[in-house]
Amino acid sequence: MKKINCFIPFENAEQATDTVNELRQNAVCAKVFLLKTPESEGSIEGCEEIAIDSLYSSATIKKIAAAADAEFALLYTKYNMLRFGPFALERMAKIASDTMSGMVYADHYNGDHYSEEGLPTSTKAPVIDYQFGSLRDDFDFGSVLLFCSKCLKKAADAMKADYKHAGLYDLRLKLSQFAQLTHINEFLYSDIELDTRKSGEKMFDYVDPKNRGRQIEMELACTEHLKEIGGYLAPEFKHIEFSDEEFPVEATVVIPVRTRERTIADAIDSALMQKCDFKFNVIVVDNCSTDRTTEIIKERYGNNPQVIHMIVGDIGVGACWNLAAHHSQAGKFCVQLDSDDVYEDENTLTTMVNAFYEQNCAMVVGSYTLTDINRNILPPGLVDHREWTPDNGRNNALRINGLGAPRAFYTPVLREVKLPAVNYGEDYALGLNMSRIYQIGRVYKSVYLCRRWDDNSDAALDVEKMNRNNTYKDRIRTWELMARVAMNKAKK
């Protein structure tokens, strides 16, 4: 029955003893291995030790795989107390065996407090199912990963690179190529969540300059995976002839809005202040506002022929964009402006439009500065998505969770592709789809102020809403990846 080797990160005996004892109480636990960095101090009697450089390196993963001589290998990824529910570890092993999965992971609890009956009383932390397109390197499996040891060894043997940060990410990508990663929809263990920031604060981690080295490794691992499964796209793009069709204006600023009486005038004013040597207009798509937003637009801009005010029913942001793009007064290029953001200066629109001609692209993504509602700069400040390169940007786009802002589109292509009629991920889906065929242009200087405040739609999401959003974005990636694999097969 002792069929699980357990690998836990070790800082010192005080940090790890309770977790070791918890594991040893499980009838299926064969051995406990302590993963010790050069900074680790002390030891725990009866445990085997593995010297590592860092928890997530390729070298560490290979050492774990080499030491795994039981049927399953459990990897714990936190330096916290881990506690299982009654027979939970046996349950994970049974599901892994029954489904012949390469890895299983489970819902869990955040917190280490238990009632007298031994039941966790802390908050629930459900996770989501793994999909073909779940390529995000920050996909949340929880902190307990149970591997089939044979599959672990096979995946580790397939790892070609020596990463400092991307070893575990590389492993699960390799594993997913031949084995199932199974989510157990049961709350089986409890640990402590270390990152207690709000969702709106976490979302910029992947573009923070201090994480650049890590991101480069993740991109390399993802690109290798795409090549191995047939989803990689070589840097070959369809050329665009921008003179093929006539439009009433060169550019249209599109502002979908719903209940933003505090910020809508700022947004429209920043659009109207643009200094351009071409004609442009503003289409405001008013989506069932329940405050004074509609009245403010009518009162302040009702007599301005440059502002087109569309009042629509209760539809998603993507549907608002589709209506604006198909409006008879829409320009050759449609340029994004969210209703609580502003353009940085009077040159933004010109900069974005010029990029289409300079880079021959169907979509342009600018760079923005993160600020509060009063335009005071917030960390990380400039978000320029310099991870995007003309050669590999559309491949790496499947790994990251967004493409940046502001976004602008060549209207004929926008009308053809269209956005999904949802309120989250609609622009990301469009960008992935466009990039399958066309080049995506970039502007790396700040042209936009992204204002964070309490009413942002993604400022402080609960776990259920975050899971719904992440599941949908992973589904978008899955659909796109399937299309790219099929497109590559058709070329052969």
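Here are some questions and answers about how features of this predicted model get their labels.

Residues are numbered from 1 along each chain as its sequence is written. As this is a predicted model, local features need pLDDT of at least 70 and side-chain atom pairs count only at pLDDT 80 or more, while totals for chains, interfaces and linings use all residues, and side-chain values use heavy atoms, with hydrogens and water left out.

Q: Why is strand β11 called largely enclosed by the rest of the structure?
A: Buried means under 20% relative accessible area, exposed over 50%, and partly exposed in between (1.4 Å probe, protein chains only). Eight of the eight residues of β11, residues 280-287, are buried, so the strand is largely enclosed. Strands here are DSSP runs of E with at least two residues, helices are runs of H or I with at least four, and both are numbered from the N terminus.

Q: Which residues of β11 point one way, and which the other?
A: F280, V282, V284 and D286 go one way, N281, I283, V285 and N287 go the other, and all of them are buried. In a regular strand, side chains alternate between the two faces of the sheet.

Q: What makes β10 and β11 a pair?
A: Two strands pair if DSSP finds at least two bridges between them. Strand β10 (residues 251-257) has seven bridges to β11, in the parallel sense.

Q: What makes a right-handed β-α-β unit with β10 and β11?
A: Helix α8 (residues 264-272) makes the unit with those two strands. Right-handed means that, with the strands pointing away from the viewer, the path from the first strand over the helix to the second runs clockwise. Another right-handed unit is made by β11, helix α9 (residues 293-301) and β12.

Q: Why does K124 count as exposed?
A: K124 has 52% relative accessibility, so it counts as exposed. This residue lies in strand β7 (residues 123-125). Leaving out residues up to four places away in sequence, K124 touches H108, Y109, F187 and V463; contact means heavy atoms within 4.5 Å. K124 and F187 are 63 residues apart along the chain, and their C-alpha atoms are separated by 7.7 Å.

Q: Is F87 buried or exposed, and how do you know?
A: F87 counts as exposed, because its relative accessibility is 66%. Look for F87 in the loop between β5 (83-84) and α3 (88-99). Its phi is positive, about 60 degrees, although F87 is not a glycine. Most residues other than glycine have a negative phi, and most peptide bonds are trans.

Q: Why is R375 called partly exposed?
A: R375 is at 42% relative accessibility, so partly exposed is the label. R375 also has a positive phi, about 75 degrees, without being a glycine, and sits in the loop between β15 (363-372) and β16.

Q: Where are cis peptide bonds found?
A: One joins P379 and P380, with omega about 5 degrees, and P380 lies in strand β16 (residues 377-383). Another runs from A405 to P406, with omega near -5 degrees.

Q: Why does M482 count as partly exposed?
A: The relative accessibility of M482 is 47%, so it counts as partly exposed. M482 is in helix α15 (residues 463-491).
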